[in-house]
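Hi there,

Here is the structure I promised to send over.

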Amino acid sequence: MPKDKNNGREMTPDEKFRSFFSTTAVDIPEEMTRRDENQPEEKPQKRFGLFGRGKEKQETDEAAAEQPQEMPTGEVRLGEDAQPEPEADLELMLKPEADPEQELAPWPFLEKEAEDVQPEAPAKKPEEKSAPQTAEPPAAVKPETPRQSAVPAARPAEQHSTAKPLRHPKNAPEVLLPQEEQEQQEMAQLKAMINGLSDQKPEKPAPRAEAAPAAETEPAESKKKPSGAPLPAAVFAAVKETAPELQPEPVPQPVADFFGKAQSEDAPQAPLAPAEEPAAKEDTMSLPLLPLDGEEPQQAPEKAPAAPQPELKAEAEDAVSPEEHAETELTEPEATADKLHRMSAELTLRCVLGGILAVVLLHFDLVSDGLLPAMAALDPDAAPAAFYGANLLLLAASLCVGFPVLRDGLNGLRGRSSSETMPALAAVAALVQAVTAMLNANVYRGTTGISLLSGMAALGLFLALLGSRVMLAAVKGGYELVTNGVEYEGAYRAKDKDLLRALARDLEQKDPWVLLSRPMKEADGFVEQSLSERASERRARKVSYILLGVALLSGVLFLLAGAGWNKAAAAMAAVLCMGAPLSSTLIAGVASLRLQRAAAAVGAVVPGWQAIEQLGGIDTLQIDADDLFTADSAQLEDIRIFKGGRIDRAILYAASVLNESHGTLKGLFRQIVEERTDILFPVKDLEQHHGLGFSAWCDNNRILIGTRRYLEQEGVPLPDEEYEMQHSKNGELQILYLAVSGNLHAMFVLKYVGGRNVARGLAVLQKENIRLLVTCQDPSLTAHHITEAYRLPEGMITVLDQEQCNAIKAAPEDPEDTCCMIHLKAFASLTGGLQAADQAQNAESSATTVQMVSVLFSIIIAALLTSAGSIWELSVATVLMYQAAWSALSIAVCALKQHN
């Protein structure tokens, strides 16, 4: 039979059964004993006794004597064998949903007392007189939650109500356990440290309202606060959160401190944690923090972030409106694009409404002439006043829709010139005619042969709005292309005299118009430059004065002849409506739109007529050799190694030095080493000499790469010229020498092949007689080689030397310089933009010339009809056919010029 090792006796069947289901499956050796085994026996009744210290002690001792003495093993006892184990030290149990005072009670002793004491007649000792007499009634006590078997199943209400006040600190035993004394000492030290951090003592909290008398509350508070300051309560965090009576009491704040102190506004304040975040649960003692220097308690942190709300509201009131904010940021690409979009939508709406009104007014004019049947309600013969009144009303609506045309056109007589001047004058003359017809409806209708020209004026306003819409579409498309995030270059005309003098040194022309390209930083002023004044507008302004003079003269002559106001108004309207071209703004809009699309196809934008005019006068173009030849254009024909050299070293030295430069040779040698830049040598002190070569330090050797002239200047011995001419095929190929530490190492034989797209661009430049100034980093590439590669005429190509290249870099950038063209860093983009600008200039100039011819013809016809006295009989159908013929001709000329 198994034996109990601790007691040295055999185990009974019940003990074996309990040992089998025990939670402790390991036998405890004799060396592992309890810590309280050798300590003197404590008197737990003195701390935890509830109803007396005599009788209960005697009964407890008798019950303990009857029980067998066994060494506690930590087993869980089942059933009736479960015996309360005396605690050797204070044990704390945590149950979040239970009463914290009941949780801290010694349940084994309370169970024993609950069995001995009867609920109906509880025994009271004289020591209990100090307990509070006004206990809560049983009805107010919450029902106790069910507990485990170690807790009594039921407890009387009187016992619960009397046991709870005994846990008050004033009923604490006089003799404290060592652990309690240590806890009180630690809390006293912590309290002293907290009080030492503050300069003044915190305000004493208001006394809590309790059911107990004041006489009994004051001694309890005096024990809690021996030093005059509130002591922190030592409870567990879980108990503190679940028990409302153990929550720290909020400190009331004076009214004067609700808005802080005067000095607290300047002092920085730490941000408080949001009130919504729950406090983290920890297995440590929870101590309430004391407020320092008048700080607000942390019980209401939601009030802290509410302070800056008035400031935010004030800032929102002071903020500018969205329209004003957009106007202040027009320089930004997003704001400018949004403004262009709004302008485009507005013009589109105006065009739709203007077109509808023009068609209706043309119908009125044709009805007035008897070419179309009239409506019953608006019959000019039956109700002339109603007919002419409706005509005037529709014309006034058309003038409101076309107000931008009227504004810019009339301002063009004295301010900035505009192509809308003649349509605006025709609209004003038609308005005068409509007013006269309505005022004298019966007389006007009774005049035989007189007509209305309100429809022609409305048609002119509509087509002027349409031309402005087409122009805005061209500007918007160019701006979107410039601001799409791609790096562009800006082409500017060189105006610096020193720079022009240096560049024209080798040219026949001493005052060239040179176009230079440099990186573009921003697109400020693009829209304004695109909508700048055009040459056709200046020409139209001069013709407008002539047309207006003829119209006024015709009206005055009819008044002097006694024809009356009706015929005078009709004569002025006929002269202006026949002379104002319908395609006044359409020509410029169509030319600009086709220019934008043609230039955008090659990645270029030409902003406005001023840029077109400057590009039209360019006769010299500065480009780089990389624009003419790519890495695939250069070919390595042969390598000659001299005494002491190695071909692999020669390639590595040349590739290492040229890899630090920018040019066609860099791409060529990178292809030779198969883009393996990791095998190249580090390069130091690289120097480039345009037209001569390179010098650098590489692998502790001084490397020289260049032409024959450069190595001769450096004192490197070279082979005779016959040897060089033999391998270069009498100068057809390029020769590049490599010297290492003053000794000739290798000779590279190169050949350049021209590209097909570049050849097309050069053919366009050759047709326009434009010369090229080439900056080249390849010392072996000369003007002769470029001319032979592309079969160009002599004198078209000039390769710049070191001094001229330095002059280009040192040229100052004038912010007032007009950007003639925005293009990609490619030769095709540059030449394509030049060609598109030249075609647009020719097309618009030819089309506006046709327009001016039509105006001059109309002036001649008006003068002849005025002298005959029949200008006022000019019908709307005649004027419409005349204007349609000339407008179609001018638009066709513009389209054909740009197509070719």
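Below is what turned up around the aromatic side chains.

A word on the basis: this is a predicted model, with local features needing pLDDT of at least 70 and side-chain atom pairs counting only at pLDDT 80 or more, while totals for chains, interfaces and linings use all residues. Residues are numbered from 1 along each chain as its sequence is written, and side-chain values use heavy atoms, leaving out hydrogens and water.

There are 11 aromatic pairs in the structure (rings of Phe, Tyr and Trp, the last by its six-membered ring, with centres within 6.5 Å; planes under 30 degrees apart are stacked, over 60 edge-to-face, the rest tilted). One of them is Phe364 with Phe387, stacked at 5.2 Å centre to centre and 20° between the planes. Phe364 belongs to helix 12 (residues 333–368) and Phe387 to helix 13 (residues 384–401), so the pair ties together parts 23 residues apart in sequence (helices are DSSP runs of H or I, at least four residues; strands are runs of E, at least two; both are numbered from the N terminus). Phe364 and Phe387 are both buried (under 20% relative accessible area, 1.4 Å probe, protein chains only). Together with Tyr388 and Tyr444, Phe364 and Phe387 form one aromatic cluster.

Phe629 and Tyr790 make a tilted pair, because their ring centres are 5.5 Å apart and their planes at 40°. Phe629 is in the loop between helix 24 (625–628) and strand 9 (634–641), and Tyr790 is in helix 30 (residues 783–790), 161 residues apart.

Finally, the charged end of Arg493 sits over the ring of Trp513, 3.4 Å from its centre (CZ of Arg or NZ of Lys within 6 Å of the ring centre and within 35 degrees of the ring normal).

Best wishes

Definitions and conventions:
Buried means under 20% relative accessible area, exposed over 50%, partly exposed in between (1.4 Å probe, protein chains only).
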